[in-house]
Amino acid sequence: MEGASVAEFSWDVRSPLDRALAVGRYGAHGDAGVTLTEIRNFDLVQVMARRGKAAEMAKAAKGRFSVAAPETPKAVGTQDATLIWSGPDQFFVLSQGGKHAMAALASSFAGSASLSDQSHARVLISISGAKARAMLAKLSSIDLHADAFAIGAAAATSMDHTSVTLWRGADRDGSAVFNVLVFATFAESLWHTMLDSAAEYGVVIGHSEDLA
């Protein structure tokens, strides 16, 4: 109708942890034993083999990334992405900058796999520090000892009744680094649980756009 006003909307892209994450220190004083960092602005695509096409998907992945996609619970680093096992005949592609985003992967996996863009559906939390393993041991039933959960190990598991994908990255400053992918709708709840679990060790809280 002529002359009718149309509401104008603008959308701000915000982290699901925007309300909960307060950069700084939390918990016990002294040297912090745990560092909690939300990693932002990443591309995350789930690749799932179509029925009877697992071998074709694996071949396509090798051609795309020059490494074999993980067929067991582990994470595999490439030059510019990380491939993370997420279940039988499926894995995540974690990257930045759009090179391995949904549109870029479509032609590589056409006919062999279905792709699902999870970039805004999941929150990525990095947990590091001398007490990271002790803190996570309160939340996870997985044995995270270095001998049982080595660098590159991964698991589709739960923390505090919340489904997560967990993998161990390269050590930093001599301490283990664990990465957790959680559905955005559960991220704030799990974040508070992590803070409670880590408080006795002292926590440094922050966010970053660095996947390393």
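Mentor: Let's start with D18, which is partly exposed, with a relative accessible area of 38%. On this scale buried means under 20% relative accessible area, exposed means over 50%, and partly exposed lies in between (1.4 Å probe, protein chains only). Please keep in mind that this is a predicted model, in which local features need pLDDT of at least 70 and side-chain atom pairs count only at pLDDT 80 or more, while totals for chains, interfaces and linings use all residues. Residues are numbered from 1 along each chain as its sequence is written, and side-chain values use heavy atoms, leaving out hydrogens and water.

Trainee: Which side chain meets that of D18 in a salt bridge?

Mentor: Side chains of opposite charge can pair when their charged atoms come close. A salt bridge here is a side-chain nitrogen of Lys or Arg within 4 Å of a carboxyl oxygen of Asp or Glu. D18 pairs with R14 at 3.7 Å, N to O, and R14 counts as exposed at 61% relative accessibility.

Trainee: How many salt bridges does the structure hold?

Mentor: There are seven. One of them joins E56 and K53 at 3.4 Å, N to O; E56 is partly exposed at 42%, and so is K53 at 28%. Another joins E188 and R19 at 3.2 Å, N to O. E188 lies in helix 4 and R19 in the segment before strand 1, so this pair ties together parts that are 169 residues apart in sequence. Helices (H or I, at least four residues) and strands (E, at least two) are DSSP runs, numbered from the N terminus. E188 is partly exposed at 23%, whereas R19 is exposed at 73%.

Trainee: What is the reach of helix 4 from its first C-alpha to its last?

Mentor: Helix 4 covers residues 184–198, and its 15 residues reach 21 Å, close to the 21 Å expected. That expected span is 1.5 Å times one less than the number of residues. The buried residues of helix 4 include L190, W191, M194 and L195.

Trainee: Is S15 buried or exposed?

Mentor: S15 is buried, at 15% relative accessible area, and sits in the segment before strand 1 (24–26). Its side chain reaches the backbone nitrogen of L17 at 2.9 Å. S15 also touches E38 and R40, leaving aside residues up to four places away in sequence; contact means heavy atoms within 4.5 Å.

Trainee: Which order do the strands of the open sheet take?

Mentor: Two strands pair if DSSP finds at least two bridges between them. Five strands form the open sheet, in the order 4-5-6-3-7, with antiparallel pairing. Its edges are strand 4 (75–77) and strand 7 (113–117), each pairing on one side only.

Trainee: How many bridges join strand 5 to strand 6?

Mentor: Five bridges join strand 5 (residues 82–87) to strand 6 (residues 90–95). Among the partners, W85 is bridged to F91 and I84 to F92. The hairpin of these two strands has two residues between them, and D89 there takes a positive phi near 60 degrees.

Trainee: How many residues of strand 5 are buried?

Mentor: Five of its six residues are buried, leaving strand 5 mostly covered.

How values were computed. Polar contact = N/O pair within 3.5 Å; in protein donor to acceptor, adjacent residues only side chain to side chain.
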